[in-house]
Amino acid sequence: MAMSLSIAASGKGGVGKSTLCALLVRYFIEMGKKPVLAVDGDPNSSLGALLGMEPERKIGDLREDINDPANTPSGVPKARVLEGKLNEIIQEGRGFDLLTMGRGEGPGCYCYVNDLLRQFLSRLKKSYSVVVIDNEAGMEHLSRLTTDNVDCLIVVSEPTTPSVRTAERILELADSLPAKIGRKAMVFNKVRNSRVADIVLERAQNLPVSANIQLSHSPELEELGERGGSVFELPGKLEDNPQLTRIVEWCLDGDNH
Ligand SMILES: Nc1ncnc2c1ncn2[C@@H]1O[C@H](COP(=O)(O)OP(=O)(O)OP(=O)(O)O)[C@@H](O)[C@H]1O
Ligand SMILES: [Mg+2]
């Protein structure tokens with residue numbers, strides 16, 4: 001079986017990480033790279049809705065359950081209890097599965113449970129052609145569970161100075177992590193023609209990434225976000241969008257773009 005490709009998005013709040021992840025999931029399905037695993041790593045869980053699904057079951061709740069000694073019958077290894085429940089958390093969509101991480105850790109020690117989760121996730125990934133991981137805003141997640149060893153890190157930014165500053169910090173942090181990150185790209189989202197945006201984008205040419213791709217501001221995507229709709233409602237084929245196509249091609253074959 002072919003190796004699965006893992007892609008994670010990161011960036012400042014509201015720049016369009018979840019929207020881009022959902023678009024990528026649909027794009028990969030349309031091009032036949034199925035099944036796709038969509039991982040919603042944001043405690044506020046918005047990727048599911050963008051894929052037309054209601055997240056019902058979450059890893060976070062399970063983690064709390066397992067960690068509470070009252071919930072694990074004595075004599076049954078935690079690993080076994082966890083394994084059994086984890087498979088029920090995955091929700092099936094059309095051409096993809098959704099895995100919702102949910103809330104983060106409460107007080108207490110979760111090393112053991114997180115260790116088991118990490119092992120489970122890396123095994124799980126192998127049954128998918130592509131894994132797309134949406135993250136919460138900021139950088140914390142980079143040192144956590146969902147983003148260890150990704151092939152592609154997409155740092156999403158709006159063409160504004162504050163957003164680029166966050167992107168720069170994420171790129172720096174990514175270099176200092178023990179987790180392996182195969183390649184990094186900048187995606188400038190919601191780009192409109194303006195003098196300020198041009199200056200910001202010009203300066204961003206020097207960022208240490210192997211691709212620097214723009215995604216225009218789109219009234220359809222804006223409306224979709226306002227309405228809370230799913231990307232599967234967008235008309236046409238996503239491969240007709242040359243900007244998205246560039247992003248996907250970079251993901252599939254980073255060295256040639
Ligand atoms: N290219 C685009 N053109 C217009 N609007 C867009 C575009 N991309 C995303 N948006 C809109 O921007 C808003 C934020 O998008 P999204 O929720 O994907 O960002 P996010 O980075 O995941 O945010 P958060 O940090 O809260 O998770 C949404 O309303 C979405 O519809
Ligand atoms: Mg989001």
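Residues are numbered from 1 along each chain as its sequence is written, while chains are lettered from A and ligands numbered from 1 in the order in which they are written. In this predicted model, local features need pLDDT of at least 70 and side-chain atom pairs count only at pLDDT 80 or more, whereas totals for chains, interfaces and linings use all residues.

Ligand 1 is surrounded by 20 residues, a residue being near a molecule if its C-beta atom, placed from the backbone, lies within 6 Å of it. The closest are Gly16, Lys17, Ser18, Thr19 and Gly225. Helices (H or I, at least four residues) and strands (E, at least two) are DSSP runs, numbered from the N terminus. At least two shell residues each come from α1 (17-30), β7 (181-191) and α8 (219-227), and α8 gives the most, with 4 residues.

The largest nonpolar core holds 62 residues. Such a core is a set of buried Ala, Val, Leu, Ile, Met, Phe, Trp, Tyr and Cys residues joined through C-beta atoms within 7 Å. A residue is buried if 20 or more other C-beta atoms lie within 10 Å of its own, exposed if 12 or fewer, and partly exposed in between, with C-beta atoms placed from the backbone. Ile7, Leu24, Val25, Val36, Ala38, Leu51 and Val132 touch the most other members. The largest share of this core, 9 residues, comes from α1. Beyond its neighbours within four places in sequence, Leu24 is in contact (C-beta atoms, placed from the backbone, within 7 Å) with Ile7, Val132 and Val248.

In strand β5 (residues 130-135), 6 of 6 residues are buried. Val130, Val132 and Asp134 point one way, and Val131, Ile133 and Asn135 the other. In a regular strand the side chains alternate between the two faces of the sheet. Two strands pair if DSSP finds at least two bridges between them. Strand β1 runs parallel to β5 and is joined to it by 4 bridges, with Ile7 opposite Val132. Strand β2 (residues 36-41) also pairs with β5 in the parallel sense, over 6 bridges, and Leu37 stands opposite Val131.

In helix α9 (residues 242-252), Ile247, Val248, Trp250 and Cys251 are buried. Seen down the helix axis, the directions from that axis to their C-beta atoms fall within an arc of 160°, so the buried residues line one face of α9. Their cover includes β1 (5-11), α1, β6 (150-157), β7 and β8 (211-216).

Gly108 lies in the loop between β4 (96-100) and α5 (111-125). Gly108 counts as exposed because it has 10 C-beta neighbours inside 10 Å.

How values were computed. Two residues are in contact if their C-beta atoms, placed from the backbone, lie within 7 Å.
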